[in-house]
Amino acid sequence: MALKGFPVPTSPPTLGALLKGLRAREGWTLKEMSAKTAIPVSTLSKIEHDRLTLTYDKLQSLGQRLGLRMSELFAEDDGEAPQPVTARRSLGDVARSVRVETPNYDYYYLCTELRRKRMIPVVTKIRARSAEQFGELVRHSGEEFIYVLSGRIVVQTEFYDPVVLDTGQSIYIDSNMGHAYLAAEGCDEAEVLGVMSSSEESLMEAMLHLHEEQRQAAVPANEDGPAPRRLKAKR
């Protein structure tokens with residue numbers, strides 16, 4: 001009996017399943033595969049339904065006719081193996097978020113009790129209104145999607161001209177590319193929903209480290225003005 005949360009062991013694929021998978025990958029009908037392999041349609045059908053098998057020399061001949069090595073003949077579908085169902089779930093709202101303040105943004109990280117997430121959802125309030133005020137463009141691993149909840153923003157990126165997004169509009173970018181989000185002219189503060197994704201399981205920790213670097217970089221620029229906002233977390 002399979003344990004809850006663990007994948008059910010599966011038997012090795014049969015020759016019939018492998019041939020059927022190969023035919024599906026190539027988009028061939030049984031008749032087309034028959035013409036390519038010189039194996040009758042009825043024989044191929046029996047093999048695919050596991051009612052007949054082939055000897056090794058026949059398999060070699062089959063591979064040669066298809067122009068495939070034996071390893072390619074037995075290659076399974078490129079899709080990833082099914083992942084076990086972990087049943088993870090998290091309800092999030094701003095009141096229960098982890099809040100991080102930087103000179104340019106207020107971040108509200110959602111669903112923070114789930115560790116090692118591949119997606120980081122965050123509501124962000126944007127205050128910076130110029131490239132000079134923002135400072136250096138931000139770069140980090142992964143990709144991100146930004147949706148404007150309220151206000152109007154200017155998206156500056158390393159390789160593209162600035163673009164203005166109004167409420168209800170969105171953008172998807174490569175986060176490795178330098179980028180910055182600014183409040184557009186006439187907008188004192190904008191609010192966006194962002195979802196950042198990366199194959200790196202430590203993305204959340206990397207983002208918090210980046211915020212601290214932003215705060216430290218802003219200290220010299222504010223020496224003669226008000227004290228910078230401090231990084232803090234609030235559940």
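Begin with strands β3 and β9, which pair in the antiparallel sense over eight bridges. Two strands count as paired if DSSP finds at least two bridges between them. The elements themselves, helices (H or I, at least four residues) and strands (E, at least two), are DSSP runs numbered from the N terminus. The model is predicted, so that local features need pLDDT of at least 70 and side-chain atom pairs count only at pLDDT 80 or more, while totals for chains, interfaces and linings use all residues. Residues are numbered from 1 along each chain as its sequence is written, and side-chain values use heavy atoms, with hydrogens and water left out.

**First stop: the six-stranded sheet**

Colour the strands in the order β1-β2-β3-β9-β4-β7; together they form an open sheet of six strands with antiparallel pairing. At its edges stand β1 (98-101) and β7 (170-174), and because each has a single partner strand, one side of each lacks a neighbour in the sheet. From one strand to the next, the twist averages 20°; axes are lines fitted to C-alpha atoms, for helices over the stretch in contact, and angles run from 0 to 180 degrees between N-to-C directions.

Next, select Glu-191 in β9. Lys-125 stands opposite Glu-191, and Ser-150 also stands opposite Glu-191. The antiparallel strands β4 and β9 are joined by seven bridges.

Display the side chains of β9. Its covered face carries Ala-190, Val-192, Gly-194 and Met-196, and its uncovered face Glu-191, Leu-193, Val-195 and Ser-197. In a regular strand the side chains alternate between the two faces of the sheet.

Move on to β4 (residues 143-150), which is joined to the antiparallel strand β7 by five bridges. Two facing pairs can be selected here: Glu-143 opposite Asp-174 in β7, and Phe-145 opposite Tyr-172 in β7. In β7, Ile-171 and Ile-173 lie on the covered face, whereas Ser-170, Tyr-172 and Asp-174 lie on the uncovered one.

**Second stop: the three-stranded sheet**

Select β6, β5 and β8, which in that order make an open sheet of three strands with antiparallel pairing. Its edge strands, β6 (163-166) and β8, each pair on one side only. Neighbouring strands here are turned by 25° against each other on average, direction ignored. Between the antiparallel strands β5 and β8 there are five bridges. On this pair, Ile-153 stands opposite Ala-183 in β8.

Buried means under 20% relative accessible area, exposed over 50%, and partly exposed in between (1.4 Å probe, protein chains only).

Centre the view on Tyr-181. Not counting residues up to four places away in sequence, Tyr-181 touches Tyr-105, Ile-126, Phe-134, Glu-144, Ile-146, Ile-153, Val-154, Val-155 and Ile-173; contact means heavy atoms within 4.5 Å.

Show α2 and α3, whose axes come within 9 Å and cross at roughly 110°. This makes α2 roughly perpendicular to α3; angles under 35 degrees count as roughly parallel, over 145 as roughly antiparallel, 65 to 115 as roughly perpendicular and the rest as oblique. To inspect the contact, select Leu-30, Lys-31, Met-33, Ser-34 and Thr-37 of α2 with Val-41, Leu-44, Ser-45 and Glu-48 of α3.

**Last stop: two loop residues**

Most residues other than glycine have a negative phi. Select Ala-38, in the loop between α2 (30-37) and α3 (41-48). Its phi is near 65°, a positive value in a residue other than glycine. Is Ala-38 buried or exposed? At 52% relative accessibility, Ala-38 counts as exposed.

Finally, select Asp-50, in the loop between α3 and α4 (56-66). The phi of Asp-50 is likewise positive, near 60°. With a relative accessible area of 48%, Asp-50 is partly exposed.
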